[in-house]
2 protein chains.
Amino acid sequence: MKPHPASISDIAKALGVAPSTVSRALRDHPDISPATRNRVKEFAARVNYRPNALALGLKHQRSMTIGIVIPELVHFFFSSVLSGIEEVAYSKGYRVMICQSADDLKREALNVQALLDHQVDGMLISISKSTVEYGHLFRIVDREIPVVFFDRVCDEIDSDRVLTDDFEAARAITSHLLQGSRKRILHLAAPQHLAIGRERYHGYLRALQDHEADTADELVIHCDTPDKVRELREHILNLAPSIDGVFAVNDITAITAMHLLQDAGYAVPEQIGIAGFGDDPISGMIRPGLTTVEQKGYDMGKSAVTMLLERLELPEKEVPSRLEVFPATLKIRDSSRKP
Amino acid sequence: MKPHPASISDIAKALGVAPSTVSRALRDHPDISPATRNRVKEFAARVNYRPNALALGLKHQRSMTIGIVIPELVHFFFSSVLSGIEEVAYSKGYRVMICQSADDLKREALNVQALLDHQVDGMLISISKSTVEYGHLFRIVDREIPVVFFDRVCDEIDSDRVLTDDFEAARAITSHLLQGSRKRILHLAAPQHLAIGRERYHGYLRALQDHEADTADELVIHCDTPDKVRELREHILNLAPSIDGVFAVNDITAITAMHLLQDAGYAVPEQIGIAGFGDDPISGMIRPGLTTVEQKGYDMGKSAVTMLLERLELPEKEVPSRLEVFPATLKIRDSSRKP
DNA sequence: TTGAAAGCGCTAACAC
DNA sequence: GTGTTAGCGCTTTCAA
């Protein structure tokens with residue numbers, strides 16, 4: 001049988017005092033005499049006493065745990081956000097429970113429910129690509145559990161958000177692609193029901209308008225993963241002769257497209273300039289380096305938990321929803337050099 | 001104030017029955033009459049009843065939560081292991097608590113303690129680079145909490161492990177580098193107090209011996225991160241004229257070294273062949289592609305949780321510690337083509 | 001300064 | 001077939 005870790009009442013029995021006395025002694029309650037306090041503390045240290053977080057959570061209605069739901073752990077952006085979250089959360093005594101939705105609405109809903117069941121004190125969420133229905137998210141606010149959305153936010157819910165200035169970033173990087181003689185930029189876009197998809201598309205569009213470039217619809221295709229690039233291979237190669245630039249909604253898609261075009265004989269950046277989004281470390285390591293938008297995942301993560309923890313620390317205060325927008329910084333590399 | 005979610009006793013009161021009846025009805029206890037069972041279930045569904053995982057955990061001494069401690073979330077290998085873990089754990093009704101040690105012994109120890117405090121049912125651990133003292137790990141086995149170590153295992157503790165066949169992988173890839181006329185291979189090694197460091201070094205050494213290549217000590221340097229490569233820049237460049245191959249303990253280090261050498265005018269693979277370890281996605285995307293060893297992180301993760309869950313499901317059974325070794329598969333790419 | 005008792009939400013042994 | 005009670009580990013009134 002398991003060596004039961006010492007509980008408060010074990011200590012109380014051993015010392016011939018009441019559990020409440022032990023409890024008070026351990027948390028330095030002023031009423032307790034120094035003598036008993038020391039006696040309790042010493043004994044507790046000797047038997048390696050540790051408070052049971054489950055019991056504490058049940059008692060205080062506060063689990064000191066925050067729930068996180070993201071699409072995919074293995075993407076650099078998300079793992080760096082997570083890293084930032086974990087860093088801050090731990091330093092403040094919170095633990096994190098992490099779930100992946102795998103970009104699936106049903107799993108996202110199950111994850112949210114599981115986290116609610118575990119009585120998380122708050123949640124940090126980046127919604128899945130297939131999240132077109134928000135019942136599970138409303139359930140969180142119904143229970144008045146604070147949520148902060150990051151990157152892939154849910155516009156239908158009034159809550160704190162942390163995001164990148166997607167519109168401006170997309171506008172700036174498309175504008176940069178158009179600096180030379182380029183006129184026809186292919187946009188590999190994210191689903192338009194996601195705010196990031198819309199914002200980046202509209203930023204792209206604005207840049208085209210500003211430069212009086214070609215805004216043909218055929219230049220925008222829904223394609224946001226390497227797999228999609230391979231699937232749309234023929235389609236992209238058919239367009240290739242008529243384009244001189246590509247702006248993809250993320251880096252790995254941009255790189256996959258770049259390789260596709262290079263393998264088909266196009267010179268990058270001479271014939272076609274390429275730009276991505278996110279500044280995945282890979283982008284600085286390939287040759288030519290991929291021009292992209294820096295997205296400070298780690299800092300966004302820290303910022304998102306910080307917002308959340310503030311709400312947790314002062315639950316009464318009716319603070320209106322806050323929006324934090326991280327400015328976009330272009331990372332210009334060789335893939336977009338002027339033609 | 002918060003809208004308190006319905007509890008079993010709330011339901012009991014509303015329906016005029018005892019809490020135990022509600023509890024039994026909800027879990028389909030045979031004693032309960034179909035009539036009351038339905039009445040309870042319907043009402044529970046209507047008020048959106050959900051069991052409180054904290055209370056359950058406290059009651060059953062079983063939190064349905066597993067703790068994970070890894071060095072760094074943002075490394076592809078670890079995030080893919082995690083992804084595999086999460087996948088299986090969730091499907092079996094377990095949640096995961098994740099901590100990063102940041103390769104720091106003290107943080108690792110704090111993390112382990114925090115997870116114990118949270119009454120995790122088991123742990124999955126990959127130890128930090130600076131873990132040279134194991135008190136915190138022994139505390140886990142003292143409490144008879146099952147642990148599975150993966151990749152960076154702790155030899156001093158008798159427990160389940162999941163790892164790559166590091167020795168054989170290192171031997172094979174070094175041997176591959178030596179196929180042509182290569183004779184002097186630089187090894188960028190991990191710390192030797194880590195089993196993976198030792199195994200990969202010894203595999204490298206064995207290959208050198210098999211091929212009667214140069215086994216000079218100066219050809220082995222402790223260098224396992226891009227930062228270390230930059231720090232040891234001069235040292236590596238001094239060695240460069242005399243070497244014709246590099247085997248690094250991980251891919252990003254290999255790539256950083258490759259770029260360093262290329263920038264200094266060395267041709268890869270013509271003058272110097274390069275190989276890494278881990279098959280980070282980046283390795284297939286750079287040109288020349290990096291020759292490396294496939295490390296099935298996702299599968300290792302699944303395998304590790306599966307072992308752990310087996311122990312959790314049959315705690316009495318005295319199963320001896322198991323060791324699962326994933327075979328090494330070489331990924332030969334252009335960075336190591338025969339000279 | 002300390003103790004006794006109740007309760008957080010849930011279940012299980014024991015009544016009836 | 002259902003209710004009563006105790007208890008998981010902890011804190012917190014209230015009483016002494």
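Arg62(A) counts as partly exposed because its relative accessibility is 32%; that label covers the range between buried (under 20% relative accessible area) and exposed (over 50%), using a 1.4 Å probe and protein chains only. A quick note on ground rules: this is a predicted model, where local features need pLDDT of at least 70 and side-chain atom pairs count only at pLDDT 80 or more, while totals for chains, interfaces and linings use all residues. Residues are numbered from 1 along each chain as its sequence is written, chains are lettered from A and ligands numbered from 1 in the order written, and side-chain values use heavy atoms, with hydrogens and water left out.

**Salt bridges**

Over all chains, the structure holds 48 salt bridges, each being a side-chain nitrogen of Lys or Arg within 4 Å of a carboxyl oxygen of Asp or Glu. Three of them look like this:

| Pair | Closest N to O |
|---|---|
| Arg62(A) and Glu313(A) | 3.8 Å |
| Asp334(A) and Arg337(A) | 3.3 Å |

Arg62(A) sits in the loop between H4 and strand S1 (65-70) of chain A, and Glu313(A) in helix H14 (residues 297-313) of chain A, so their pair ties together parts 251 residues apart in sequence. Helices here are DSSP runs of H or I with at least four residues, and strands are E runs of at least two, numbered from the N terminus. Asp334(A) is partly exposed at 37% relative accessibility, as is Arg337(A) at 40%. Chain A also has a salt-bridge network linking Asp160(A), Glu310(A), Arg311(A) and Arg322(A).

**A buried Glu without a partner**

Glu86(B), in helix H5 (residues 76-91) of chain B, is buried yet has no salt bridge. Its nearest side chain of opposite charge is Arg107(A), 4.4 Å away; Lys and Arg count as positive, Asp and Glu as negative, with His and the chain ends not counted. Beyond neighbours within four places in sequence, Glu86(B) has contacts (heavy atoms within 4.5 Å) that include Arg107(A), Cys99(A) and Val96(B).

**Around DNA strand D**

There are 28 residues around DNA strand D, and among those that come nearest are His4(A), Tyr49(A) and Thr21(B); near means a heavy atom within 4 Å.
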